[in-house]
Amino acid sequence: MGLRTPLTERLGVPFPIIGAPMAGISHGALARAVTEGGGLGMIGVGSTDRAELIAREARIASDGGRLRFGVGLMAWALDDRPELLEQTMAAKPALVSVSFGSPAPYVERLHEAGITVASQVQSTARALAAVDAGVDIIVAQGTEAGGHTGTVGTLPLIQLVLEAVDAPVVAAGGIATPRGVAAALAAGAAGVWVGTCLLACPESASRAQARDKVLAADETETILTRVFDVAQGIGWPETFAGRALRNRFTDTWHGREEELDGDGDARRLLADARATGDYDTAYIYAGQAVGLVHRPVPAAQLVRNLGEGASSLLAERLEALLVDRPTRWPDNGAIV
Ligand SMILES: Cc1cc2nc3c(=O)[nH]c(=O)nc-3n(C[C@H](O)[C@H](O)[C@H](O)COP(=O)(O)O)c2cc1C
């Protein structure tokens, strides 16, 4: 059985599943595999990425113009780096997300180019601001999510955002199996936006050592922390910390960010560890759903499993749950 939502209609994809943009991880190969599996794959563009990356990875994601894809940008980085928006528009993606900061200055230009605009939000206020700015798809990103995020859990957030806005709402954060997809759709989401479950896919741009750490980690091993941004001197707004696997660096520095800011040795240690792939010190951004990632499944197969699995679950569960009579409550409220 197939799935139809405002997202599948708008994006012309079989499954309401978006492969999250993940800087340094979701390049063209992963985005393409997600789209080939029936979702929409996105290329993640980091604040320090070279603008040339966008055209190169877009060629791979679109398989030379054959497939749709999306690009994810960080709003806070665009003021200083307008070329990232220019190059994104030139690559002709179907979807662009502008997250972590106000999308308002960019929406009109993207719409003029015929591009659908999404934005990840972490509160009701941000959802309402995104709708005001003309954003087409509101992505409610819970704190379970890997990478930079807010502090409200996905379940309360999607309920809040679904009640607050009329635009299609897509759920992000902690979704990694057909059960998670079915739960989000049953609650009223138009789709899901998944990142962590793709981290161990062979098409991801991460190193083999990082993929092994992802496969080995359980759901209790992540931390929401600013230490990696502080130690790299990256200009992330303080309201967005990043969820990563806990390691020796977070154990040493989380809670001591001010001290870390002035510590040149710690900064060099992190830079060296990143260069050599030493993940006891370097970061691996990942969400709580990391505990559900057990095998390095190809991304197209993973997306197909999510979509097909969610549609059978919904069909089975709804049939089993719904009874053909009105619910009756005893008058006196007694348990019967
Ligand atoms: C490794 C990693 C890198 C990420 N990088 C970005 C990014 O560059 N841009 C962005 O908008 N979101 C980024 N995110 C957040 C995702 O878009 C998304 O919100 C998240 O992966 C969804 O939750 P999940 O990880 O539980 O599936 C990243 C997430 C991860 C795990």
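How many bridges pair strand 2 with strand 3, and is the sense parallel or antiparallel? Strand 3 covers residues 70-74, and it pairs with strand 2 in the parallel sense over 3 bridges. Keep in mind as you read on that this is a predicted model.

## The barrel

Let's zoom out from that pair. Altogether, 8 strands close into a barrel, and their order is 1-2-3-4-5-6-8-9. The pairing in this barrel is parallel. Going from one strand to the next, the twist averages 25 degrees. If you'd like a spot to look at, find M42: its bridge partner in strand 3 is G70.

As for what holds strands side by side, strands of a sheet pair through backbone hydrogen bonds, and they can do so in a parallel or an antiparallel way.

## Strand 5, from both sides

Now move along to strand 5, which runs over residues 116-121. Its pairing with strand 4 (residues 95-99) is parallel and uses 3 bridges. Here you can look for V96, whose bridge partner in strand 5 is V117.

Which residues of strand 5 point one way, and which point the other way? T116, A118 and Q120 go one way, while V117, S119 and V121 go the other. Both groups are buried, and the strand as a whole counts as mostly covered, with 6 of its 6 residues buried.

Why does Q120 count as buried? Its relative accessible area is 9%, and buried means under 20%, so Q120 falls on the buried side of the cut-off.

Another, at 3.4 Å, joins the side chains of Q120 and W193.

## Around the ligand

Q120 and Q141 turn up again at the ligand: 20 residues surround it, and the closest are Q120, Q141, G174, G195 and T196. What kinds of residues make up this shell? There are 12 nonpolar and 8 polar ones, and no charged ones.

A backbone N or O atom of G146 lies 3.0 Å from a ligand oxygen atom, and for P21 a backbone N or O atom is 3.3 Å from a nitrogen atom of the ligand. How much of the ligand does the protein bury? Taken alone, the ligand exposes 600 Å², and 97% of that is buried by the protein.

## A glycine in a loop

Next stop: G39, which sits in the loop between helix 2 (28-36) and strand 2 (40-44). Is G39 buried or exposed? With a relative accessible area of 1%, G39 is buried. Along the chain, G39 and V192 are 153 residues apart, yet their C-alpha atoms are separated by 9.8 Å.

Another 3 strands form an open sheet in the order 7-11-10, with antiparallel pairing. Its edge strands are strand 7 (147-149) and strand 10 (222-225), and each of these pairs on one side only. On average, neighbouring strands of this sheet are turned by 30 degrees against each other, ignoring direction.

Strand 10 pairs with strand 11 (residues 241-245) over 4 bridges, in the antiparallel sense. To spot this pairing, look for I223, which has A244 in strand 11 as its bridge partner.

Definitions and conventions: Residues numbered from 1 in each chain as written. Predicted model: local features only at pLDDT ≥ 70, side-chain atom pairs only at ≥ 80, totals over all residues. Heavy atoms only, no water. Pairing = 2+ DSSP bridges. Helix = DSSP H or I, 4+ residues; strand = E, 2+ residues; numbered from the N terminus. Axes fitted to C-alpha atoms, helices over the stretch in contact; angles between N-to-C directions. Near = heavy atom within 4 Å. Polar contact = N/O pair within 3.5 Å; in protein donor to acceptor, adjacent residues only side chain to side chain. Areas by Shrake-Rupley, 256 points an atom, 1.4 Å probe, with all protein chains shown as cover. Nonpolar A, V, L, I, M, F, W, Y, C, P; charged D, E, K, R; others polar. Buried < 20%, exposed > 50% of the residue type's maximum accessible area, 1.4 Å probe, protein only.
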